[in-house]
Amino acid sequence: MYKYDNYDQAMVDARVAEFRDQVKRRLAGEMTEDQFKPLRLMNGLYLQLHAYMLRVAIPYGTLDSRQMRMLAHIARKYDRDYGHFTTRQNIQYNWIKLEECGDLLEELASVEMHAIQTSGNCIRNISSDQYAGAAADEVTDPRPWAELLRQWSTFHPEFSYLPRKFKIAVIASPEDRAAMRLHDIGLELVKKDGELGARVFVGGGMGRTPMIAPEINSFVKADDLLSYIEACLRVYNRYGRRDNIYKARIKILVHEIGADAYRAQVEEEFAHVKALGIDPPLAELERIAVFFDLPEPIQSEVRHSREGGDPSPDHSIDAIVQEIDSRLRGGDDWGAFETWVKQNVKPHKAPGYAIVNISLKPIGGIPGDASSSQMEVMADLAEKYGFDELRVTHAQNIVLPHVAKRDLYTVWQALSEAGLANANLDLISDIIACPGLDYCSLANARSIPVAQKISKRFGNLDRQRDLGELKLKISGCINACGHHHAGHIGILGVDRKGVENYQLTFGGSGAQDVSIGKIIGPGFDEDGVVDAVEKATEVYTRLREGEERFIDTYRRVGLEPFKEAIYG
């Protein structure tokens with residue numbers, strides 16, 4: 001993973017010192033809250049219902065054990081012993097004291113972390129595929145490009161005050177694991193005639209007006225990519241609405257003038273920007289890419305496999321299970337371990353390795369939360385068994401991307417002892433949920449209790465596995481931080497004359513089959529929406545054909561059978 005140089009560290013240290021002084025002046029009464037607000041937001045500090053919330057950046061979701069231990073330390077020292085991993089591959093702390101912010105940020109800076117540009121109308125954390133570098137289906141590791149974009153966008157003088165916040169995702173696989181087309185800009189790295197480039201999608205997003213980003217360019221050469229993205233943002237910065245916060249996102253601009261007109265504007269601007277010479281020399285990208293090289297033992301396995309004539313050396317999960325030491329099969333816990341492997345472990349590009357997904361979705365728990373002790377367990381496992389690397393996923397889970405198959409059982413045992421071995425990846429209890437009205441000053445309804453009740457209702461793992469892949473996502477307001485628009489089943493909390501009310505949407509997806517869910521009818525109270533979800537699953541199990549997922553059955557039969565069962 002990328003390591004700071006002296007320039008990177010100096011930038012972060014200078015920002016810590018600057019913000020420490022700003023906090024001091026605010027506490028002394030030398031600044032009003034209105035004067036302080038834009039300054040704290042530039043440093044990821046929000047004022048929520050009960051306390052300040054700090055959002056810490058985890059660029060493209062990648063961190064090492066040292067950084068994860070620091071996040072645990074921050075949770076223990078400055079918060080209430082936990083952190084909340086978010087759909088932007090970041091972490092949030094919900095109980096921060098303003099007078100301690102300077103010390104907190106200084107400690108983060110000591111491990112190459114910060115909270116810069118985690119809020120404000122700027123380019124936010126660059127997100128990416130949590131399996132980057134390990135996935136067998138990628139054309140290249142997308143993280144060097146994500147890092148290049150991070151460096152380009154940090155403190156960018158032209159894009160620090162955009163009409164609205166701006167989010168970019170970079171992937172390099174045909175399988176979209178980052179909800180790429182629901183971003184302001186989505187990049188899919190591809191190869192054309194042996195040359196690396198990117199498909200560029202612009203104008204996606206959720207919120208009160210969810211939209212899927214249209215393709216703006218089918219192939220931008222790698223040498224031109226930074227100039228092209230700069231052109232995309234310049235057009236937005238020039239024409240984006242600043243008079244109406246609800247119409248300020250780039251998706252509104254692209255929708256209102258049309259993708260073709262926006263594309264034409266970008267091409268015209270690109271011709272100008274390209275002449276400015278802002279694209280980095282190849283040597284700079286190569287400098288960055290070295291940090292993302294696979295560990296040598298994994299590189300050796302990949303080379304050996306390819307030399308053996310296998311162009312795609314990933315193994316099926318069943319094969320992984322078969323290869324695990326046969327001496328374990330007689331143990332009392334073999335069944336639970338085998339289930340975990342089949343549900344939470346994914347194939348790796350190197351035959352001797354696997355990708356381990358750690359679920360932060362215990363039955364009855366708060367989605368995305370991890371205690372300081374759990375963070376330390378994950379850090380230990382990464383250091384001992386995962387080449388010192390972890391990933392945060394946009395589904396609020398954690399990944400160990402490079403685990404030797406021979407170590408899977410040991411890793412599982414440690415996760416089990418820490419309450420982190422829930423075998424529910426992509427099942428109905430693997431719920432995405434925002435903090436909702438329990439914490440957020442923008443929310444209309446609570447998300448956490450609904451998620452807890454649904455996970456308890458469907459707590460039986462055999463039942464969950466029978467339902468198969470079913471992505472359920474909950475937002476406490478129309479801002480859609482819980483990605484409800486992209487849920488196979490989505491739940492939106494709204495305020496109905498002072499009463500929390502929950503609308504159901506069906507048919508959303510953030511994957512390569514991207515779609516926006518549709519509201520099925522009137523909303524429900526908290527218990528009623530849990531009952532409605534159960535009725536929906538009953539319709540699905542009755543009507544599904546073969547191995548159809550919930551969303552496939554819904555798309556085939558339409559809304560009416562579900563609506564009839566739910567509303568009578």
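A: Begin with the naming of elements: helices and strands are DSSP runs, numbered from the N terminus, a strand having at least two residues. The model shown here is predicted. With that naming, Lys497 lies in the loop between strand S18 (489-496) and strand S19 (499-506).

Q: What is the phi of Lys497?

A: In general, most residues other than glycine have a negative phi. Lys497 is not a glycine, yet its phi is positive, near 55°. Lys497 is also exposed, because its relative accessible area is 86% and the cut-off for exposed is over 50%.

Q: Where is Asp193 found, and is Asp193 buried or exposed?

A: Asp193 sits in the loop between strand S8 (185-192) and strand S9 (195-202). Asp193 has a positive phi of about 55° and is not a glycine. Its relative accessibility is 80%, so Asp193 counts as exposed.

Q: How should I read a helix, taking H13 as the case?

A: Compare its span with the expected one. Helix H13 covers residues 372-385, 14 residues, and reaches 20 Å from its first C-alpha to its last, close to the 20 Å expected at 1.5 Å a residue. After H13 comes Phe387, with a positive phi near 55°.

Q: Which residues of H13 are buried?

A: Buried means under 20% relative accessible area. In H13 the buried residues are Ser372, Gln374, Met375, Met378, Ala379, Leu381 and Ala382.

Q: Which residues touch the most other members of the largest nonpolar core?

A: That core has 109 residues, and Met68, Leu71, Phe85, Tyr262 and Met378 touch the most other members. Helix H6 (residues 225-239) gives the most to this core, nine residues. A second, separate core has 30 residues, including Leu472, Leu504, Phe506 and Ile520.

Q: What is Met378 in contact with, leaving aside its neighbours within four places in sequence?

A: The contacts of Met378 are Met68, Ile358, Leu360, Ala370, Leu390, Ile398, Leu400 and Leu420.

Q: How many residues of domain 1 are in contact with domain 2?

A: Start from the bounds: the domain assignment gives domain 1 as 6-109 and domain 2 as 134-284, among others. Their centres, taken over C-alpha atoms, are 27 Å apart. Eight residues of domain 1 are in contact with 10 residues of domain 2. The area buried between domain 1 and domain 2 is about 770 Å², with 61% from carbon and sulfur atoms. Of the area that domain 1 buries against domain 2, Met11, Tyr60 and Arg88 supply 61%, more than any other three residues. The count of salt bridges between domain 1 and domain 2 is zero.

Definitions and conventions
Residues are numbered from 1 along each chain as its sequence is written. This is a predicted model: local features need pLDDT of at least 70, side-chain atom pairs count only at pLDDT 80 or more; totals for chains, interfaces and linings use all residues. Side-chain values use heavy atoms; hydrogens and water are left out. Helices (H or I, at least four residues) and strands (E, at least two) are DSSP runs, numbered from the N terminus. The expected span of a helix is 1.5 Å times one less than its number of residues. Buried means under 20% relative accessible area, exposed over 50%, partly exposed in between (1.4 Å probe, protein chains only). A nonpolar core is a set of buried Ala, Val, Leu, Ile, Met, Phe, Trp, Tyr and Cys residues joined through side-chain atoms within 4.5 Å. Contact means heavy atoms within 4.5 Å. Domain bounds come from an automatic or database domain assignment. Buried area is the accessible area (1.4 Å probe) that two parts lose on being put together, summed over both. A salt bridge is a side-chain nitrogen of Lys or Arg within 4 Å of a carboxyl oxygen of Asp or Glu.
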